[in-house]
Amino acid sequence: MRNLAFERNIMGLKIQEAKTCEFDILTLGECMIRLSPPGHQRLELTPVLEVYAGGGEYNVAYALSRFGLKAGWISRLVDNPLGHFIRSHARASGMDISEVVWVPFDGVGRTERIGLNFSEVGIGVRPSTVVYDRGHTAVSHMKPGDVDWKRIFIHRKVRWFHTGGIFTALSDSCADVAAEALKAAHEAGCIVSYDLNYRSMLWSCRKAASVTKALVPYIDVLIGNEEDFQKALGFEVEGTDSCLTHLSVEAYKKMVIKVAAAYPNVQVVGTTLREVVSGLKNNWSAIVYADGEFVLSKKYENLEIEDRVGGGDGFCSGLIYGLLQGMKLQECVDLGAAHGALAQSTRGDSTMATLAEVKRVMCGGSARIVR
Amino acid sequence: MSHGLNILPKGAYDLISLGALVHRLDPGIIPFRKASQCRMYVSGGEFNVAANIADCFGLKTGIVSAMVDYPIGDLIAERVRAMGVHPFYKHFKHNGVNGPNMATVYSDQGHGVRPPVVFYNRSNEAGAQLKPGDFDWNEIFAGGVRWFHSGGIFAALSETTGEVIIEGMKAAKKAGAVVSFDLNFREKLWNIWGGQKKAEEIVARIAENTDVLVGNEEDLQKGLGIPGPEITAKSKLDPTAFIGMIDAVVKKYPNVKVVATTLREVHSKNCHSWGAVAWAGGTTYASPTCELDVLDRVGGGDGFASGLFYGLLAGESPEEAVKLGWAHGALLTTTPGDTTMVTVEQVRSFAKGGSARIQR
C-alpha cells in the first residue's frame with residue numbers, strides 16, 4: 001500500500017484528502033439522448049419530442065458537479081451532433097470530460113452510435129415507459145486499455161469512484177472495463193461505490209450475478225433495492241409483493257445483513273424505498289446500513305412526482321455528497337432522500353436542484369413560496 | 001504576407017476575453033409592447049468571441065467577468081460552461097430586491113421593413129462595478145495566454161470598466177499575448193455617464209495598447225475620433241472608404257497592426273449583403289461577398305471577429321483568416337441566439353465557397 005493522505009475515516013471509509021486529489025468524484029458510464037413527448041402524451045401519437053440527456057452514472061457526476069465538487073465523467077462518445085449535445089450538457093454542469101474517449105462518426109451509425117431512449121411520462125394508472133434504441137453504441141464497445149486508469153487514479157488522483165450495473169450490463173467488454181476500473185480505483189486507495197441498477201432488458205439474472213459477484217470485492221459502498229440484490233447478486237428477500245406496492249423494510253434489513261456478512265469489504269449499503277401510489281404520487285424514503293446499524297431517512301408521503309427517472313441517482317449522489325463531506329450517517333441519508341425527491345420534481349434524468357434547496361428540504365423546509 | 005503579430009505558439013489559454021455577461025430577452029418578431037413570451041439567450045460582445053472560439057473552433061478560452069449569485073446569474077454561468085469557456089469571476093451577492101444585477105438586453109427581431117429594436121436594463125449592473133484591482137491578472141495569465149480580447153461595450157459601462165480593460169491589456173502584453181479590441185461603439189451607453197468626450201478619451205487610451213482593432217467606419221469615427229472618409233463609398237460593401245481611414249488610424253496608433261471590419265448592407269430585416277475586410281501590415285485583404293438570408297442578426301460581428309482571431313491563432317494567412325471570420329459571421333446569422341451553433345467543418349467549407357446544398 002502506498003503512502004496516502006487520508007482525511008477521514010468514517011463508517012470504515014478511508015477517504016483521501018481533497019487537496020491532494022484532482023477529482024472528488026469520477027464516474028464511468030453511458031449518457032443517452034432521451035426523447036420524451038411533452039406532458040403525458042403517448043409516444044406513438046406525439047408530433048413533438050423533447051430532448052434530454054442522461055444516464056445512471058452520468059447523472060451522479062452531473063449532480064455532484066452542480067453541488068460544487070470536482071466531478072469528472074468517463075465514457076465513449078461519437079463525434080457527431082448527438083455527441084456534441086451530450087458534451088454541452090455535461091459541460092454546463094461544470095464536470096470534467098477530459099478523459100472521455102471520442103470516436104469518429106461513420107455518417108450512418110452502422111458501427112458507433114449514441115444511444116437513444118424514448119420515455120413516456122405516465123399519469124394516474126398508466127405507468128411511465130421507456131423504449132430503448134441503444135444498439136451498437138460507442139460506449140458498449142469500450143474495452144480494457146481504452147482508458148489509462150493508472151494515470152488517472154495515481155497521478156490525477158480521485159477520492160471516490162462510482163459506476164454501476166447499467167454500464168456493466170452494456171457488453172462483455174464493458175463488464176471487463178468495469179472490473180479493470182474498480183480494481184485500479186480500489187488499489188489506488190479510492191472509495192468505490194456501485195449502483196446495482198438491475199435492468200432485465202440488458203441482461204439475464206444469471207449473467208448479471210456471475211459478473212457482479214466478481215466486482216463486489218472491490219466495492220465499499222453498494223446501492224441497490226431488494227430486486228437488484230435478488231437479480232444482480234442472487235440474494236433472497238422475503239415478503240415483497242411483485243407490484244412493489246408495499247415494501248417490507250424488515251425484509252430488506254435481513255437481506256442487507258446477509259450481504260454484509262457475505263462481503264465484509266462493503267461498508268455501506270443503501271437504497272431508496274419507493275411505494276407507487278399512482279404514476280405521479282409515490283411514498284418516498286431511503287435507508288442506509290453502515291457500522292452495523294440501519295438509518296432511515298425522513299419519509300415523504302404522497303410525494304408528487306413530475307418525472308420519476310433520476311430519483312435513484314438523486315439519492316445516490318446525495319448520499320455520496322454527504323459521505324464525502326464527512327456528515328453524520330443520518331444527515332447523509334436525509335440528504336440523499338431529499339435530493340432524490342427534488343430530482344423527481346423536474347422533467348429529465350439529471351438534477352435541476354441546487355445544494356441549498358436540498359439542504360432546505362432535508363431539514364423539513366416546506367414548499368411554501370420563497371420570496 | 002505577414003501580419004506583424006507575434007503570436008505565442010502555446011499557452012494554457014488560447015484566448016481570454018474581458019467583458020460583461022448579459023441575458024437577452026427575445027420575443028421573436030413580436031414587438032415588446034405586444035409580447036407575451038420571450039426566449040432567453042446568454043450573451044455579451046466580448047464573451048461571444050470566447051464562446052465561439054471554444055465551442056466552434058475547439059480552442060481553450062476564458063472569460064473575465066462579474067457574476068451575481070442569484071438564479072439569473074446561475075443560468076448565465078451554466079451557459080458559459082456549456083460553451084466550454086472557463087470562468088474567472090468576481091462574485092457579487094444579490095440583495096433580493098434591486099441588485100447588483102446581470103444586465104438585461106431586450107431585443108425583438110423585427111420583420112421585413114420593421115427593423116429589430118434593442119434596448120437595455122443595465123441599472124445597478126454588477127459588470128459596471130468592476131474596477132482595477134478586482135482581478136489578479138498574473139494568476140489568470142500564469143499558465144500562458146496567447147490572445148487577450150475586450151470591447152467597446154464593456155468600456156462604455158462605467159468610469160472604472162475602461163480602466164479594467166487597460167489594466168488587463170497591459171498585463172496581457174507582459175504575458176506575451178496579442179491584444180485585440182472590438183470598438184463596438186454604443187452611443188446610448190456612453191451618454192449615460194461620459195458622453196462623446198469621455199468615449200474618445202478612454203477608447204484612445206485603450207487603442208494605444210491594442211494590436212488588432214475591429215470596428216467599422218462609424219466606430220472609427222465616433223469611438224476613435226478618426227475623421228470621416230474623404231472618399232464616398234459606392235455601396236456599403238465597398239471597403240474603399242474604410243480603407244481610406246486606416247492610414248489615419250495607424251498614424252495615430254502605430255502599435256496597431258491589424259484593422260478589420262465587416263461590411264453589411266441591409267436590404268430588409270432578413271436580407272443582407274455580407275462581406276469583410278482586414279488591413280494587415282500595409283496590405284488589404286477582402287473576403288468574397290455573399291447574400292444572406294438572416295434568421296437572427298445579433299452576434300454576426302462577434303462571429304466575424306472570432307473566426308478572424310481563430311484563423312490567426314491557427315497560423316493561417318491574413319487572407320484566409322478574413323475568409324474564416326466572414327464565413328463564421330455569415331453562418332452565425334443562420335441560427336438563433338448570439339453565440340455559435342455551427343462547426344469548424346461548416347465554416348471551412350463555406351469559406352472555400354461551399355453551397356447550402358443539403359449534406360447527406
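How many residues does helix α8 of chain A have, and how far does helix α8 reach from its first C-alpha to its last? In this predicted model, helix α8 (residues 249-262) of chain A has 14 residues and reaches 20 Å between those two atoms, close to the 20 Å expected at 1.5 Å a residue.

**Helix α8 of chain A**

The buried residues of α8(A) are Y252(A), M255(A) and V256(A). Viewed down the helix axis, these buried residues fall within an arc of 105°, so they line one face of α8(A).

**Overall form of chain B**

Chain B contains 12 helices and 14 strands. The radius of gyration of chain B is close to the value that the globule rule gives for 360 residues, so chain B is as compact as a globular protein of that length.

| Property of chain B | Value |
|---|---|
| Radius of gyration | 19 Å |
| Span of the C-alpha trace along the principal axes | about 50 × 50 × 45 Å |
| Residues that count as buried, of 360 | 51% |

Among the contacts in chain B with a separation of 6 or more, 72% are accounted for by residues 24 or more positions apart.

**Nonpolar cores**

The largest nonpolar core has 107 residues, of which A50(B), I53(B), A260(B), A278(B), L308(B), F309(B) and V322(B) touch the most other members. Helix α11 (residues 318-332) of chain B gives the most to this core, contributing 8 residues. Which residues does L308(B) touch, leaving aside those up to four places away in sequence? With that exclusion, L308(B) touches A260(B), A278(B), A321(B), V322(B), L324(B) and G325(B). Another core, of 104 residues, lies apart from the largest one, and its members include I166(A), A169(A), Y198(A) and L303(A).

**Contact between the chains**

How many residues of chain B are in contact with chain A? In the model, 4 residues of chain B are in contact with 4 residues of chain A. On the side of chain B that touches chain A, the residues divide into 1 nonpolar, 1 polar and 2 charged.

Key. Residues numbered from 1 in each chain as written. Chains lettered and ligands numbered in written order. Predicted model: local features only at pLDDT ≥ 70, side-chain atom pairs only at ≥ 80, totals over all residues. Helix = DSSP H or I, 4+ residues; strand = E, 2+ residues; numbered from the N terminus. Expected span 1.5 Å × (residues − 1). Buried ≥ 20, exposed ≤ 12 C-beta atoms within 10 Å, placed from the backbone. Arc of directions from axis to C-beta. Core = buried A, V, L, I, M, F, W, Y, C linked by C-beta atoms within 7 Å. Contact = placed C-beta atoms within 7 Å. Nonpolar A, V, L, I, M, F, W, Y, C, P; charged D, E, K, R; others polar. Rg over C-alpha atoms; globule rule 2.2 N^0.38 Å.
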